[in-house]
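Please look over the sequence and the model first.

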Amino acid sequence: MTKKVSIITLGCAKNTADTDNLARMLKARGHELVTEAADADTIVVHTCSFIEAAKKESINTILQAGQLKTAGKKLIVTGCLVQQH
């Protein structure tokens, strides 16, 4: 069964490169990437916490994605916010 995945990328160019790598791996495993998080079976929020504004944006995005989480939908949080906290 194909899973639909939405990746929300915040922060620097390194995060964008990490997202590109993740997207390639997911596609190679048969997953479909979708733009709209509401349409996804899994939402990935790739966070940044380099400066305070980025940390706040990451937390707000996680909270917004959490509101979309319903039974059976996964929310995965990655990136430097997770690594630091």
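The sections below go through the sheet, the helices, the cores and a few single residues.

## The model and its sheet

The model is predicted. Its open sheet has 4 strands in the order 2-1-3-4, and the pairing is parallel. Strand 2 and strand 4 (74-79) are at the edges with a single partner strand each, so one side of each has no neighbour in the sheet. Strands of a sheet pair through backbone hydrogen bonds, either parallel or antiparallel.

Strand 3 and strand 4 run parallel and are joined by 6 bridges. Across this pair, His46 stands opposite Thr78 of strand 4. Helix 1 packs on the sheet, where it touches strand 1, strand 2 and strand 3, and its direction makes about 175° with that of strand 1. Helix 2 also packs on the sheet, touching strand 1, strand 3 and strand 4. The direction of helix 2 makes about 175° with that of strand 3.

## Helix 1

Helix 1 covers residues 13-28, which is 16 residues. At 1.5 Å a residue it should span 22 Å, and its end C-alpha atoms are 23 Å apart, which agrees.

Which residues of helix 1 are buried? They are Asn15, Thr19, Ala23 and Leu26. These residues lie on the same side of helix 1, because they cover an arc of only 80° around the axis. An α-helix has 3.6 residues a turn, so residues three or four places apart point the same way. The buried residues pack against strand 1 (4-9), strand 2 (32-33) and strand 3 (42-47). On the face turned away from the buried side are the exposed residues Ala13, Lys14, Arg24 and Ala28. Gly30 follows helix 1 and has a positive phi, near 90°.

## The nonpolar cores

The largest nonpolar core has 7 residues: Leu10, Val34, Ala37, Ala40, Ile43, Val45 and Ala65. Apart from neighbours within four places in sequence, Val34 is in contact with Lys4, Val5, Ser6, Asp39 and Ala40. A second, separate core has 5 residues, among them Val5, Ile7, Leu26 and Val44. Leu26 is also one of the buried residues of helix 1.

Ser58 is part of helix 2 (residues 52-68). Is Ser58 buried or exposed? Its relative accessibility is 0%, so Ser58 counts as buried. With neighbours within four places in sequence left aside, Ser58 contacts Leu10, Thr47, Cys48 and Leu81.

Leu68 is in helix 2 as well. Its relative accessibility is 33%, and therefore Leu68 counts as partly exposed. Beyond its neighbours within four places in sequence, Leu68 is in contact with Ala37, Ala38, Ile43 and Lys73. Leu68 and Ile43 are 25 residues apart along the chain, and their C-alpha atoms are separated by 8.9 Å.

## Lys4 in strand 1

Lys4 belongs to strand 1. Lys4 counts as partly exposed because its relative accessibility is 33%. Which residues does Lys4 contact, leaving aside its neighbours within four places in sequence? They are Glu32, Val34, Asp39, Ala40, Asp41 and Thr42. For one of these, Glu32, the C-alpha atom is separated from that of Lys4 by 4.7 Å, although the two residues are 28 residues apart along the chain.

Definitions and conventions. Residues numbered from 1 in each chain as written. Predicted model: local features only at pLDDT ≥ 70, side-chain atom pairs only at ≥ 80, totals over all residues. Heavy atoms only, no water. Helix = DSSP H or I, 4+ residues; strand = E, 2+ residues; numbered from the N terminus. Expected span 1.5 Å × (residues − 1). Buried < 20%, exposed > 50% of the residue type's maximum accessible area, 1.4 Å probe, protein only. Arc of directions from axis to C-beta. Contact = heavy atoms within 4.5 Å. Core = buried A, V, L, I, M, F, W, Y, C linked by side-chain atoms within 4.5 Å. Pairing = 2+ DSSP bridges. Axes fitted to C-alpha atoms, helices over the stretch in contact; angles between N-to-C directions.
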